[in-house]
Amino acid sequence: MTMPSSNILGVRIPDSTIAREATQLLRDTGSDLLFQHSMRVYCWAALTAKHKGLSFDPELLYAGAMFHDLGLTARFHASALRFEVDGANAARDFLKSHGIPETDVHKVWTAIALHTTPGIPQFLHPEAALLHVGAGMDVAGRSYDQFTDEEREAVVAAYPREAAFKRDIIDAFHEALKDRPATTFGTFNDDFLAFKDASFQRVDMCSIILNSPWAT
């Protein structure tokens with residue numbers, strides 16, 4: 001398998017056996033949209049580390065990027081778990097099969113499981129903090145102005161955004177979550193369902209509290 005561009009403005013794309021196999025797994029099971037997105041996520045994350053002088057394990061961060069949206073792929077559409085947990089579990093099994101130490105496996109698991117949870121990853125290990133930033137940058141443009149024009153242009157040149165990426169990524173989330181709406185409770189993932197389906201009813205925590213079996 002030919003690996004993606006190996007160096008972008010000083011960001012080196014890992015070329016280990018684990019990196020190659022993780023890339024191939026995503027290529028085999030996910031869309032080109034998710035692959036290009038995941039590569040950009042790694043680049044934004046690694047560039048953020050460069051800006052902030054953070055030390056991180058490139059192989060672990062790369063694995064996190066490759067698996068972070070794997071839970072959106074068709075093999076997990078019937079899952080009863082949050083898509084983030086599906087991806088985290090798949091990464092855990094993959095890394096364990098390669099003999100990666102449990103402490104490092106847990107780093108990748110938490111990075112993936114919490115990558116859509118604002119307010120927490122930045123207080124964890126660098127791999128979690130960086131994956132969160134990378135995903136937020138690519139999907140929602142968070143931290144957009146913290147990257148230079150040169151950096152944004154170089155990353156997108158290497159791993160292009162589709163012309164309709166904004167709509168297509170919303171569609172990808174909706175397709176993956178429409179049959180497991182309960183897994184979106186307490187996350188912003190229910191936004192994808194509400195946006196695409198006018199009949200979708202959000203679960204309201206206040207109603208749950210007021211209608212709980214407690215008398216007072």
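**Notebook: salt bridges and a buried glutamate**

I looked up R92 and D93 and found that their side chains meet in a salt bridge at 3.5 Å, N to O, a salt bridge being a side-chain nitrogen of Lys or Arg within 4 Å of a carboxyl oxygen of Asp or Glu. R92 is partly exposed at a relative accessible area of 29%, and D93 is partly exposed at 47%, where buried means under 20% relative accessible area, exposed over 50% and partly exposed in between, with a 1.4 Å probe and protein chains only. I also noted that R40, D138 and R161 are joined into one network by salt bridges that share partners.

The model is predicted, and local features need pLDDT of at least 70, side-chain atom pairs count only at pLDDT 80 or more, and totals for chains, interfaces and linings use all residues. Residues are numbered from 1 along each chain as its sequence is written, and side-chain values use heavy atoms, with hydrogens and water left out.

I next checked R180 and D86, whose side chains meet in a salt bridge at 2.8 Å, N to O. R180 lies in the loop between α8 and α9 and D86 in helix α4 (residues 83–97), so the pair ties together parts that are 94 residues apart in sequence; helices are DSSP runs of H or I with at least four residues, strands are runs of E with at least two, and both are numbered from the N terminus. Both R180 and D86 are buried.

Last, I turned to E151 in helix α7 (residues 149–158). E151 is buried yet has no salt bridge, and K50, the nearest side chain of opposite charge, is 5.8 Å away.

Notes: Lys, Arg positive; Asp, Glu negative; His and termini not counted.
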